[in-house]
Each structure stands twice: as structure tokens, then as C-alpha cells.
Amino acid sequence: MRVGTSFLALLALLPLLLFLPFSSAQSRALDAILQDCAFKAFFRPKTGVSYDGKVPKTLTGIKVAAMRLRSGSLRTRGVERYKEFQIPIGVVEQPYVERLVLVYHNLGNWSENFYPLPGYSYLAPVLGLMSYSGANLSASDLPELYLRASDRPILIKFPHVKPAPQGSVPKCVYFDLHGAVQFDVLLHGNVCSTVQQGHFSIVVESNAPTPAPASAAAAGFNKRGGRKKYKVWIIVACLIGGCFLLILLSLFVAKVRSAKQGMKIQQLEWAAESNEPLQMASIGGTKAPLAIGTRTRPTIENDYIP
Ligand SMILES: *[C@@H]1O[C@H](CO)[C@@H](O)[C@H](O)[C@H]1NC(C)=O
Ligand SMILES: *[C@@H]1O[C@H](CO)[C@@H](O)[C@H](O)[C@H]1NC(C)=O
């Protein structure tokens, strides 16, 4: 029975589990769209030069750029400045390609939509650094290459950071390609560091005291609070759905049980009705009722002897 209950509990959690990776899948889809937009920015690209791409109208507010590099040049020289990113020497990609393209994302006012982080507020837009093979610049749906900084970390300097509410400590946040979230200390000068590619921003815990509602920053926070409430409602809805599913399943299990019991009772009644206990016989390891011969012999009514 213990196995049964934990299985049911797992089933009840299913809607929640389905809900959580949803935003990750959404941001992966965005990565693919932005890769396509960034590659379209190339027209006879020079290596080591950043080209700004165009995003579809439905994603207005997001910025994207692309830079093509020789893998050897990335490793031995790095990129001193690529938008907010500073790439030191010693960065290698995996698997190896001769030429690669670094794609830059600035999610702007879409940051929270694609990287929702309950309990936190963004102080800066989510920035992304991705890398793809540069072998075919008209290719789409390319798999990402894995970048790794082996010598010094890649630095991200955020130029426009909203002031943190009093008493709260801003943190760097890092999202990897699988949707995992990590927090890190914010370095002096609004700088975050990483040894991998992914998406980055600066956040504060949003239960910290907010400044006076008159300031523009506070207005932003209030709007976020509204969205957070909406998210909380979704989670609550999922929980209720889970409970409902659990109740439904328990009812089903109970019904199956009572049906089985009903069958047993019927069998007993049937056995009781046939007033004469049947002899039991063993047939190949199972016991079965056995009737020996016929109980009332048939008699011929008219003695007719030919
Ligand atoms: C972001 O801002 C642009 C205008 O600059 C707007 O068209 C877009 O709908 C906004 N996106 C979100 C998610 O608010
Ligand atoms: C590049 O990719 C496009 C689109 O996937 C494809 O049609 C084309 O054949 C590819 N070119 C090369 C040289 O592989």
C-alpha cells in the first residue's frame, strides 16, 4: 500500500512538474529563433566584428547580435569587448569547430517572461552568450557548442542597473542551457563572472523592503509584484488540480476494491445457496469443487424394453 500512496502523491505532483520546465522549453525555443535572427545579420562577415540582427516584430524589445571567429583566435586572443561581455584568452568550445559564431542576446523588457524567477526582481535585463558552429551561416536549428573558460572567467559588465532596494543585496544569476539556476556574488562595478555560456542578470530578493512608491523604480517593482501574484495563482491552480487528481484516483481505487469485495460476497452467497457442500479436489496444485457422478439417477418412466 505504501508504494501505492507514494505513486499517487507523485501523480498529484505531475501538473506542477509539468509546469516548472515550461519556461525552460520556452527560452530554448527563443534561443533557436534568436540564432536564426543573428545569423541573418551576416553578409560577408568580417571575423571579430559584431553585427546586430533584427528580431521579429512580436519580440520587439529583444536585441541580438552575432560575431564570427576562428576558434584558434578565440582561444589565444579572446574578445576584449563584445557588447557587455569580456572574453579572456583560454576559452575553448566543445565539440571543436574551425569557425564559430558567438550570438549575443539582450532580452530587455522580455527578461521576466522568458526567465521568470519567483521571489526575485530583476535589476538588469537578462543577457545571453551562446555559441554555434560557423561552418554554414544559412543553417538554422543548430545545436549549441559548449564554451568553457579555462584560464580566467568571462566577465559581464552591466551598464544600466536599477538601484537595489535598501537592505537588499543584489546578486548575479546564471541560467544554464538546461534551465538550472545559480546565484553568485556581484563583483564591484556591476560585474558578473562565468566560466560557461548561458544567460545572466542581476537580481534582488523581492521580499526586501521596497522604496517609496513615488519613485520610478518602485512603480516597476509593483508591476512585478502583480506578475508574481499571477504566477502564484498558477502554482495554486496546479496544486488544486493535483489534489483533485489524487481524490479522483483514490475514488477509483476504492471503487475497484469494493467491486472486488462485492464479487467475493456473491461467490460466498452462491456457495451458501447450493446447500450441499461440494467436495474439493486438487487439480494441478489448485483446489476446485468437484461433484462425483450425478446425484439423482434418471429413471425411465415407462418401462419400455424392446
Ligand atoms: C517591450 O517593449 C516593446 C516596445 O519597446 C513592446 O512592443 C513589447 O510588447 C514589450 N514587451 C513586453 C513583454 O512587455
Ligand atoms: C547550409 O544549411 C542550409 C539550411 O539548412 C542547407 O540548405 C545548405 O545545404 C547548407 N550548406 C552546406 C554547405 O552545408
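Rings of Phe, Tyr and Trp (its six-membered ring) form a pair if their centres lie within 6.5 Å; planes under 30 degrees apart are stacked, over 60 edge-to-face, and the rest tilted. The model is predicted, with pLDDT of at least 70 needed for local features and 80 or more for side-chain atom pairs, while totals for chains, interfaces and linings use all residues. Residues are numbered from 1 along each chain as its sequence is written, ligands are numbered from 1 in the order in which they are written, and side-chain values use heavy atoms, without hydrogens and water.

**Exercise 1.** Find which residues the ring pairs link into a cluster.

Solution. Step one: apply the ring rule, which gives 10 aromatic pairs. Step two: follow the pairs that link Y82, F85, Y104, Y174 and F200 into a cluster.

**Exercise 2.** Describe the surroundings of ligand 1.

Solution. Step one: list the residues with a heavy atom within 4 Å of the molecule; around ligand 1 they are T60, N109, W110 and N113. Step two: look for polar contacts, pairs of N or O atoms within 3.5 Å. An N or O atom in the side chain of N109 is 2.2 Å from an oxygen atom of ligand 1, and a polar side-chain atom of W110 is 3.5 Å from a nitrogen atom of ligand 1. Step three: take the accessible area (Shrake-Rupley method, 1.4 Å probe). Ligand 1 on its own has 360 Å², of which the protein covers 47%.

**Exercise 3.** Do the corresponding steps for ligand 2.

Solution. Step one: N136, S138 and A139 are the residues around ligand 2. Step two: an N or O atom in the side chain of N136 lies 2.3 Å from an oxygen atom of ligand 2. Step three: ligand 2 taken alone exposes 360 Å², and the protein buries 26% of that.

**Exercise 4.** Find where the charged end of K171 sits.

Solution. Step one: require NZ of Lys or CZ of Arg within 6 Å of the ring centre and within 35 degrees of the ring normal. Step two: the charged end of K171 sits over the ring of F183, 5.1 Å from its centre.

How values were computed:
A polar contact is a pair of N or O atoms within 3.5 Å; within protein, one must be able to donate a hydrogen and the other to accept it, and residues adjacent in sequence count only if both atoms are side-chain atoms.
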